[in-house]
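Please open the structure in a viewer in which residues can be selected by number.

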Amino acid sequence: MIKAIKGTKDLLPSNASRWHYLENIVKKIFVNFNYKEIRTPVFEETSLFARSIGEDTDIVEKEMYTFKDKGDNSLTLKPEMTAGVVRAFIEHSLGGQQPLNKLYYIAPMFRQERPQAGRLREFHQFGGEAIGSLSPLLDAELIQIAYDILKELGLKDLTVKINSLGVPESRENYKNLLREYLHDNKEKLSEESRKRFDTNILRVFDSKVESDQQLLKDAPLMIDHLDDESQNDFEMVKEYLNKIDVPFDIDSKLVRGLDYYTKTTFEIISSKVGSQSALLGGGRYDLLVEQLGGKPTPAVGFAAGIERILLACENENSFTLPEPAIDLYLIRLEKELETFVNELASKLRRENLSVDFDYLLRSVKAQMREANKLNARFALFIGGEEYEQGNINLKNMETGEQKIIPLNSIEEIIKQVKA
RNA sequence: GUGGGCGUAGCUCAGUUGGUUAGAGCGUCUGGUUGUGGCCCAGAAGGUCGUGGGUUCAAUCCCCAUCGCUCACCCCA
């Protein structure tokens, strides 16, 4: 038997409505904030991701689905969305058409990691990007959008974490401070942290090793060493979030794993999804557009994991959907009436009713059982005496009440069913 | 890449201290008189007991390997 690739999942009909529900909320809220949808290809030139996400990140180093096409070009299935959006932004000069572009997306992403709860190899993200402004209002706006979407989905167990990484210059200065601080104790760090000491020292903060955290206890913190502009922007982000009632925690150890972030970074976590607790993450990336060959353009964005969010919704039982139902089930009393039933169904469907009938020539009892299973609001009996007299029998499945109506009066059927 | 747990019907799971035809609930299908559902009742279909090898008179059960799923580390959404 051929099975789905490890780390991929089929979305079966029984689950599709939960996805639709989420997608509709996502679209609605982005539209309320006047964000426009953008779709980019699932694959891009490999170098795009290497240049934006960072050569030394885990994503680029070991998680990308990279392959050669027949023209010997190295292509990669997108592991995240921002790189593609920025590429499209530059390629189509979106910045030249209007100074600020507010964009959103819902799309599949691919990373070759070991699957576990809340982590798949093909997964889906929705997210937003505001490209073209330095205003911290947009940092706060995106956090609000993310938060509002999760709230609207009924999630309660949420923590918003924010931090600022500063501009590259202040970050470099800070890194030196941290390096100095840890220098004497470098040998006491865990192996992993020692590696990070050399490659990306900020990520030492991510260590879960107790002894590492002990060593870091009195370490200098980035937010105490921000440049004036970053400091000021961070204050404003906090102020705006307070004004729009988005509760948050400051997490000075929040470091995102993608290299392009500057200034504000944020994350929303839930304890209801196993060990992969981040439902979404994002931040500012003021240098990325220029870095990818565009004009210097500041930007901020976030990406949210749909599977993780739906997992949290399930575990919190945050929303329930009505059982699927149809308007009308047609019941054929005699096999010979199959074509007539089919025609009638077609006409009713064109009148915008959801209608179904039995294609398997099953017994009346079986048809009724089917109507019941489908949650049909009405059943329509076609055949026998009534049919000969030019009538059909419409039954309200809830009340059991039945009405004889003229065979050719589609209008009457519609009127009854829509009432 | 490293480590733990698990693989018996479509689904959730029993079971055999190795011994004839492997079970339940749910689901599916048919029926409980001529043309009517939900409840109830009766019956049926559906399993190479993940795969390969070994031990044994005999393996779904024991041993080995392998594949798959799953959780965690790591990383991230």
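Begin by selecting threonine 320, which sits in the loop between helix H12 (306–316) and strand E12 (328–332). The model is a predicted one. Is threonine 320 buried or exposed? Threonine 320 has 9 other C-beta atoms within 10 Å, and therefore counts as exposed, since the limit for an exposed residue is 12 or fewer.

Next, display RNA strand B together with its surroundings. Which element gives the most to the surface near RNA strand B? H14 does, with 7 residues. Colouring the surface near RNA strand B by class shows 20 charged, 16 nonpolar and 14 polar residues.

Now select helix H1, residues 13–32. At 1.5 Å a residue, its 20 residues should span 28 Å, and the end C-alpha atoms lie 29 Å apart, in agreement with that expectation. Show Leu22, Val26, Ile29 and Phe30, the buried residues of H1. Viewed down the axis of H1, these buried residues fall within an arc of 105 degrees, so they line one face of the helix. An α-helix has 3.6 residues a turn, so residues three or four places apart point the same way. Turn to the other side of H1 to find the exposed residues Pro13, Ala16, His20, Asn24, Lys28, Val31 and Asn32. The cover over the buried residues of H1 includes strand E5 (101–110), E6, helix H6 (136–152) and H12. Following H1 is asparagine 34, with a positive phi near 60 degrees.

The largest nonpolar core has 75 residues, and Ala146, Ala304 and Ile309 touch the most other members. H6 gives the most to this core, with 9 residues. Which residues does isoleucine 309 touch, leaving aside those up to four places away in sequence? Selecting the contacts of isoleucine 309 on that basis brings up Leu22, Leu150, Leu153, Leu279 and Ala304. Finally, locate a second, separate core of 17 residues, with Val355, Ala371, Ala376 and Phe381 among them.

Methods:
Residues are numbered from 1 along each chain as its sequence is written. Chains are lettered from A and ligands numbered from 1 in the order in which they are written. This is a predicted model: local features need pLDDT of at least 70, side-chain atom pairs count only at pLDDT 80 or more; totals for chains, interfaces and linings use all residues. Helices (H or I, at least four residues) and strands (E, at least two) are DSSP runs, numbered from the N terminus. A residue is buried if 20 or more other C-beta atoms lie within 10 Å of its own, exposed if 12 or fewer, and partly exposed in between; C-beta atoms are placed from the backbone. Ala, Val, Leu, Ile, Met, Phe, Trp, Tyr, Cys and Pro count as nonpolar, Asp, Glu, Lys and Arg as charged, and the others, Gly among them, as polar. The expected span of a helix is 1.5 Å times one less than its number of residues. The arc is that of the directions from the helix axis to the C-beta atoms. Two residues are in contact if their C-beta atoms, placed from the backbone, lie within 7 Å. A nonpolar core is a set of buried Ala, Val, Leu, Ile, Met, Phe, Trp, Tyr and Cys residues joined through C-beta atoms within 7 Å.
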